[in-house]
2 protein chains.
Amino acid sequence: MVAFDMEDPPSAVRMAEELGSADGNFAIKVGRPLEMQTGKEIISRIRDATDIPVIYDGKIADIPYVSAKIAEIAYDAGADGVIMHAFVGADAVREVVDLGKGDVITVIEMTHPGSVEYLEPISERLIQMVSGIGVDGVVLPATRPERVKRLSELLESESESETYIISPGVHAQGAKPGDAVTSGADYEIVGRAIYRSENPKDSAERIYREIIDRLRGD
Amino acid sequence: MVAFDMEDPPSAVRMAEELGSADGNFAIKVGRPLEMQTGKEIISRIRDATDIPVIYDGKIADIPYVSAKIAEIAYDAGADGVIMHAFVGADAVREVVDLGKGDVITVIEMTHPGSVEYLEPISERLIQMVSGIGVDGVVLPATRPERVKRLSELLESESESETYIISPGVHAQGAKPGDAVTSGADYEIVGRAIYRSENPKDSAERIYREIIDRLRGD
């Protein structure tokens with residue numbers, strides 16, 4: 001999953017086109033610094049540029065009414081899924097899930113040091129809560145493979161249906177390709193190492209192969 | 001503080017112009033459902049339409065690097081302040097404060113039922129953390145005046161400088177005008193009761209007077 005955290009809409013659209021024909025299994029995560037350049041329009045332009053999944057990483061964390069509004073705007077613009085925070089509570093998560101318009105992926109723990117202060121102590125409860133509601137996916141930090149392992153096991157025991165795990169933090173934030181998938185994650189998220197490289201498509205394919213090789217090696 | 005949670009940019013700009021000449025002390029809070037229509041441009045258009053303060057209610061809740069990016073885009077577009085979550089940790093809050101580009105207002109507790117699940121148990125620690133960093137303002141729920149009272153007292157004892165309190169939840173979410181300011185808040189946030197009314201300027205002035213009357217009566 002390639003994090004589109006650049007702030008230049010034309011290069012984002014070009015990269016979406018390139019990824020569509022890249023060799024591997026890719027998805028696009030549209031970050032807010034990009035979305036804020038044009039609003040929802042960039043989600044639609046990326047949607048039109050490629051067939052691979054497009055996720056709006058809105059880190060939605062508002063009251064239920066506004067959280068659902070934000071998610072709905074993203075879905076209607078063409079997003080296949082949205083990322084929201086779980087810590088805002090069960091009612092907010094449920095309101096977005098109840099839209100029934102696309103995947104809901106909830107943040108459980110994050111990659112930065114601050115994540116251990118308030119998120120890590122409640123993350124097991126968050127897993128239980130979102131499993132009960134039935135979200136489609138969760139976010140766990142590739143920078144802490146031992147947390148991915150522990151929480152993916154808990155997720156498996158709590159969820160009645162399949163819930164996928166996406167893990168940011170690969171490369172620029174210090175995780176190595178494969179660290180997260182060999183600990184239980186389903187997708188690794190790579191941003192700067194791809195969109196800032198001279199040839200994003202080549203970089204994406206190379207990192208994808210590294211991840212697959214690690215997965216086969218374990 | 002009027003919450004601009006509508007999704008129609010032209011009516012938002014018109015309302016910004018009207019509020020600029022309204023009788024009272026007003027500010028504008030730009031919500032994400034509005035921002036997502038055009039991206040940062042709507043912040044600039046509202047900024048150009050009025051002289052009163054414009055706050056971007058981004059509910060920013062990302063890793064430090066991305067949180068600062070989002071805040072910077074909003075400040076550069078003309079926002080006087082941004083709203084971010086405190087629970088993402090001290091490093092994220094500090095990175096936005098260190099931009100030094102405008103006010104930083106951190107969410108401590110919210111108005112909806114889900115806020116009591118994970119935010120309320122840590123809110124006193126969040127107050128201590130953001131007081132230590134030196135944010136400009138905090139968000140406390142007008143729907144729970146007893147929480148505003150308790151946390152405003154804690155804020156006063158912890159903060160070395162003046163930290164203002166803004167409180168959403170008035171009218172549509174059940175709080176009465178004046179509930180929060182008589183409990184220690186500095187600004188009350190009103191959304192639907194103003195932007196959905198037939199004459200938003202009249203409604204804003206009327207609710208403003210109600211708040212002032214409550215404050216004088218106590």
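This is a predicted model: local features need pLDDT of at least 70, side-chain atom pairs count only at pLDDT 80 or more; totals for chains, interfaces and linings use all residues.
Local features require pLDDT of at least 70 and side-chain atom pairs pLDDT 80 or more, whereas totals for chains, interfaces and linings use all residues; side-chain values use heavy atoms, with hydrogens and water left out. Residues are numbered from 1 along each chain as its sequence is written, with chains lettered from A and ligands numbered from 1 in the order in which they are written.

**View 1. The relation between chain A and chain B.** A rotation of 180° with 0.0 Å of shift along its axis places chain A on chain B with an RMSD of 0.0 Å (least squares on the C-alpha atoms of residues with pLDDT of at least 70 in both copies). This is the relation of a two-fold axis. In chain A, the C-alpha of G39(A) is the nearest to the axis, at 1.8 Å. Both copies use the same surface, as 100% of the contact residues of chain A recur in chain B (contact: heavy atoms within 4.5 Å).

View 2. T50(B) counts as buried because its relative accessibility is 6% (buried: under 20% relative accessible area; exposed: over 50%; partly exposed: in between; 1.4 Å probe, protein chains only). Leaving aside residues up to four places away in sequence, T50(B) touches A16(B), G20(B) and I28(B).

**View 3. I211(A) within helix 10 of chain A.** Helix 10 comprises residues 200-217. I211(A) is buried, with a relative accessible area of 11%. Not counting residues up to four places away in sequence, its contacts are P177(A), G178(A), V181(A) and E188(A). The C-alpha atoms of I211(A) and V181(A) are separated by 7.6 Å, although these residues are 30 apart along the chain.

Definitions and conventions:
Helices (H or I, at least four residues) and strands (E, at least two) are DSSP runs, numbered from the N terminus.
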